[in-house]
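Subject: Structure for your files

Hello,

Here is the structure we spoke about, with notes on its cavity and its aromatic rings. Please keep the sequence open beside the notes as you read.

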Amino acid sequence: MDRATRVPATQRREMLVTAGVEIARAEGGRAVTLARVAEACGVSKPIAYRLFDSLADLLTQMERQVVAGYETVVDAALDDALRSGASRAELLEVLALTYVSHSLGAGAVYDTVSSARAATEEVEEHFFEVPESFARFCRDNLGLPAGDETAVLAMFQGAADNLVLAIQAGAVEQAAAVDHLVALFAPLMSTAPRRRS
């Protein structure tokens with residue numbers, strides 16, 4: 001390849017991560033290997049092995065890309081609801097509906113990537129992380145008490161994930177699952193008026 005047309009390492013790494021997500025979406029996380037993503041991007045295996053420390057590193061980056069995509073979808077839905085003057089209860093409903101819908105669709109790949117990463121021998125400890133902007137949004141607009149956002153959002157994710165599994169199993173309808181999620185978490189919100197940004 002001519003030096004002038006070389007793709008920077010960071011861009012190539014991102015291409016490989018995206019290829020891995022697409023392979024996981026089509027065939028499941030266990031189908032993802034460094035060799036497969038290299039082949040999908042038309043690069044040599046040594047390049048893929050040079051850009052990622054291990055398969056676990058690749059899977060971790062894939063997991064982060066999927067989560068970032070989810071955050072973008074949620075942020076856009078909540079911003080739209082805020083602009084339309086939604087109440088706290090309506091914002092919680094938007095959050096629940098967006099999480100469930102995304103998990104049933106594009107977000108389904110997250111589970112398969114996470115499971116594949118957990119199956120590797122090189123798994124790093126993985127903690128539930130809440131971006132500061134999302135934590136601030138939840139404090140200001142949903143009325144979650146400061147300091148409790150991470151715990152409440154971790155509970156929300158766990159409950160929502162279990163409801164998604166119930167929807168997939170045919171045990172509950174999507175609308176009923178969203179209503180249940182809202183009913184579970186509405187009591188945790190402050191009744192004070194939400195802050196205006």
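The structure holds 1 cavity of 30 Å³ or more. A cavity here is a set of points, on a 1 Å grid over the protein atoms alone, where a 1.4 Å probe fits but cannot get out; lining residues have an atom within 4 Å of a point. Grid points are joined across faces, edges and corners, and a volume is the space filled by probe spheres set on the points.

Two notes on the source. This is a predicted model, in which local features need pLDDT of at least 70 and side-chain atom pairs count only at pLDDT 80 or more, while totals for chains, interfaces and linings use all residues. Residues are numbered from 1 along each chain as its sequence is written, and side-chain values use heavy atoms, with hydrogens and water left out.

The cavity

The volume of the largest cavity is about 70 Å³. Its lining is made up of L92, L95, C138, L142, L144, V152, L153, F156, F185, L188 and M189. By class that gives 11 nonpolar, no polar and no charged residues (nonpolar: Ala, Val, Leu, Ile, Met, Phe, Trp, Tyr, Cys and Pro; charged: Asp, Glu, Lys and Arg; polar: the others, Gly among them). At least two lining residues come from each of α5 (88-104), α7 (132-142) and α8 (149-168), and the largest share, 3 residues, is from α8. Helices are DSSP runs (H or I, at least four residues), numbered from the N terminus.

The aromatic rings

There are 3 aromatic pairs in the structure. Rings of Phe, Tyr and Trp (its six-membered ring) pair if their centres lie within 6.5 Å; planes under 30 degrees apart count as stacked, over 60 as edge-to-face and the rest as tilted.

One of the pairs is Y70 with Y99, edge-to-face, at 5.1 Å centre to centre and 80 degrees between the planes. Because Y70 lies in helix α4 (residues 55-83) and Y99 in helix α5, this pair ties together parts 29 residues apart in sequence. Y70 is buried at 17% relative accessible area, and Y99 is buried at 7% (buried: under 20%, with a 1.4 Å probe and protein chains only).

F156 and F185 also pair: their ring centres are 5.5 Å apart and their planes at 65 degrees, so this pair is edge-to-face. F156 is in helix α8 and F185 in helix α9 (residues 174-185), so the pair ties together parts 29 residues apart in sequence. F156 is buried at 6% relative accessible area, as is F185 at 8%. Ring pairs link Y70, Y99, F156 and F185 into a cluster.

Regards

Definitions and conventions:
On a 1 Å grid over the protein atoms alone, a cavity is a set of points where a 1.4 Å probe fits but cannot get out, and a pocket is an open set with protein on both sides within 12 Å along at least five of seven lines; lining residues have an atom within 4 Å of a point. Buried means under 20% relative accessible area, exposed over 50%, partly exposed in between (1.4 Å probe, protein chains only).
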